[in-house]
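Thanks for coming. I will go through one structure today, and I will take the pieces in turn. Please have the view open while I talk.

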Amino acid sequence: MIMTDEKFMSAYDKLKNTVYSVIFSYVRDHDDASELSQDTFIKLYTYDGSFDSDEHMKAWLIRVAINSCNNHFRSRKHISSSPIPEDLPSEEHHELNELLAEVMKLPEKYRVPLHLFYYEDYSITEIAKVLDLPDATVKTRLKRGRDKLKKTLRKEDWL
Amino acid sequence: MKNTEYRKAMDDVCDKHFTLTAEEMLKKAKSSPGTERNITMTGTKKRNIIGKFIGAAAACVIISGTAASAMGYGPLGDSFRRFFGKDEVTAEIIDQGHYCEIGQDQSDGAFTVLLDSVTGDQSAPKLLFEVTVNDEELAEKNDRLHLFAYVLDEDTYLNRLDEYAMCDGWGEKDPDVNNMYHVCMDGPSAFMINEEEVIAAVKQISFESDPANRQFDYDVNMEFRFTVPHQALKETHSEYYYGIDLLDNGIDYDLFYADFGAYETLLKVKYDFLGTDLAGGATDYYEVMDKFDTYWHRFAGGFVLCVDGEEYEPKDLGYSYCDTEGEAFDAGQCSTWMTFPSIDYTGAESITLLVNGESYTLK
């Protein structure tokens, strides 16, 4: 499928929340998430390859978004010469829905698989593929993440 | 957790904070540098690259070993060896042509500081300074001095200086010039690998002996601005890992990052301390960090890095950083590190980490 301007805009409308949300679940900062989301869509616009389907494009975008997040953290890897990474900033925290706020408080290794599981309805195998993890690791992380949530959420809020 | 509620909550966040329309995004994509979708390089792009190269060259002259000799600089690695004889790794990096001359100097009457050049690798860039102390008596009393500088980008330097510590480096006296010192200072990789303008602001020069003035620490204010071209720093190789969990005494160390540099191999792990037996119910990491560091040192001290059958023992074991508000990574999560000697990642066929009889593949 050749990426015409019309297809690009249509893909953006369909997938902007997918891209922004997965990035936000990593970086937990709205400004960074917005910037990295735009970078991700610019990469889509300049991508020379083709996609077999919309699902293929979506998986590609999520993968590119995750790589952008990793690179974002990589550029801050030297703790002595970088500002100390902040936890969920208070303004972000205060405006979030309670459930979302609790998920965002989890360590990255739990919250990103949980996000893909609950937001994208991805299966364990699909999450494993996009995060480049063994299925068993994803399964464990989903379970541990859910266990942690159970301690903080009201009973009716968790599955 | 109900996925519908989660999805709705996240959609609300997206709708509120990512409001760019498709038309606006398209416009941004089209105007973004490097968005030529044709693989063939256009004239405009060529001009941009040439312009960028000229811009960089104005700030920093790249000199390969051969070219340097032809220009009369002599073998640069040998010059480096003369002043920093113990640092053979950097000398070899310079010999390989990873070096850029800055050549900017400033003086305040008491001191003249020359930022001579930048070298090193992408993980551990080095700034080479030459400091002349005009007070000859002060120089006479000190075989070395201590130089402090902020090394940051402009935005950080102007707006967020309080969040950063100064870099520092000791300078040894020149063998021939009594009041001149050569300083090799470690610089911040984060600001020096992006080919963007760097500010090195020298703020303090300290001495161990100052019998005449009893001042010891001298404030200075000298700013150097420069750009480090990509090839001035030797490439390193870094890898992110997922799912490598190293278990010890109920602590789950997640090996998530490795950096294979010219100076050392760095491994980083992160772990949750809350809820571990070792924490004993403590929620303030600073109450228990010594115990965690002791356990990490005992555990990691036995690690072996195996590269194509050759085994390497750990070089340094790190101390953790963490706080209860989760500033390191996440709430309750801490990070620590260890190093092994430098290895050739690209040339190696197999790299494994041996931990208590278990083998973890790093390449």
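This is a predicted model: local features need pLDDT of at least 70, side-chain atom pairs count only at pLDDT 80 or more; totals for chains, interfaces and linings use all residues.

A:L15 counts as partly exposed, because it has 19 C-beta neighbours inside 10 Å, and a residue is called buried when 20 or more lie in that range. A:L15 sits in helix 1 of chain A, which covers residues 5-27. What does A:L15 touch, leaving out residues up to four places away in sequence? The answer is A:K58 and A:L61. There is also a distance to give for A:L15 and A:M57: they are 42 residues apart in sequence, and their C-alpha atoms are 9.3 Å apart in space.

Now chain A as a whole. Of its 159 residues, 37% count as buried. If we take the contacts in chain A with a separation of 6 or more, residues 24 or more positions apart account for 62% of them.

Next, helix 2 of chain A, residues 30-46. This helix has 17 residues, and from its first C-alpha to its last it reaches 24 Å, close to the 24 Å expected at 1.5 Å a residue. Which residues of helix 2 of chain A are buried? They are A:A33, A:L36, A:S37, A:Q38, A:T40, A:F41 and A:L44.

Further along is a pair of helices. Two packed helices are described by the angle between their axes and the distance between the axes. For helix 7 (residues 124-131) and helix 8 (residues 135-152) of chain A, the axes come within 8 Å and cross at roughly 110°. On the helix 7 side, the contact is made by A:I124, A:T125, A:I127, A:A128 and A:L131. On the helix 8 side, A:D135, A:V138 and A:K139 take part. Sorted by class, the contact has 5 nonpolar, 1 polar and 2 charged residues.

Most residues other than glycine have a negative phi. A:D121 has a positive phi of about 60° although it is not a glycine. Where is A:D121? It lies in the loop between helix 6 (108-118) and helix 7 of chain A. A:D121 is exposed, with 10 other C-beta atoms within 10 Å; the limit for that label is 12 or fewer.

Let me move to chain B. Chain B has 10 helices and 18 strands. Of the 363 residues of chain B, 33% count as buried. Among contacts in chain B between residues at least 6 apart in sequence, 58% join residues at least 24 apart.

Chain B has its own positive phi to show. B:E195 is a residue other than glycine, with phi near 60°. Its place is the loop between helix 9 (189-192) and strand 8 of chain B. B:E195 is partly exposed, with 15 other C-beta atoms within 10 Å.

Strand 8 runs antiparallel to strand 5 (residues 144-152) of chain B, and 8 bridges join the two. In this pairing B:H146 stands opposite B:S206. Strand 8 also pairs with strand 9 (residues 217-227) of chain B, in the antiparallel sense over 9 bridges. There, the bridge partner of B:A201 is B:E223.

Strand 10 (residues 237-248) and strand 11 (residues 251-260) of chain B are antiparallel too, with 9 bridges. B:H237 stands opposite B:F260. The hairpin they form has 2 residues between the strands, and B:N249 takes a positive phi near 50° there.

Last, a sheet in chain B. This open sheet has 4 strands in the order 14-13-17-18, with antiparallel pairing. Which strands are at the edge? They are strand 14 (310-312) and strand 18 (358-361) of chain B, each pairing on one side only. Neighbouring strands of this sheet are turned by 30° against each other on average, direction ignored. Strand 13 (residues 304-307) and strand 17 (residues 351-355) of chain B pair over 4 bridges, and B:V304 has B:L354 as its bridge partner.

Terms used:
Residues are numbered from 1 along each chain as its sequence is written. Chains are lettered from A and ligands numbered from 1 in the order in which they are written. Two strands pair if DSSP finds at least two bridges between them. Axes are lines fitted to C-alpha atoms, for helices over the stretch in contact, and angles run from 0 to 180 degrees between N-to-C directions. The expected span of a helix is 1.5 Å times one less than its number of residues. Two residues are in contact if their C-beta atoms, placed from the backbone, lie within 7 Å. Ala, Val, Leu, Ile, Met, Phe, Trp, Tyr, Cys and Pro count as nonpolar, Asp, Glu, Lys and Arg as charged, and the others, Gly among them, as polar.
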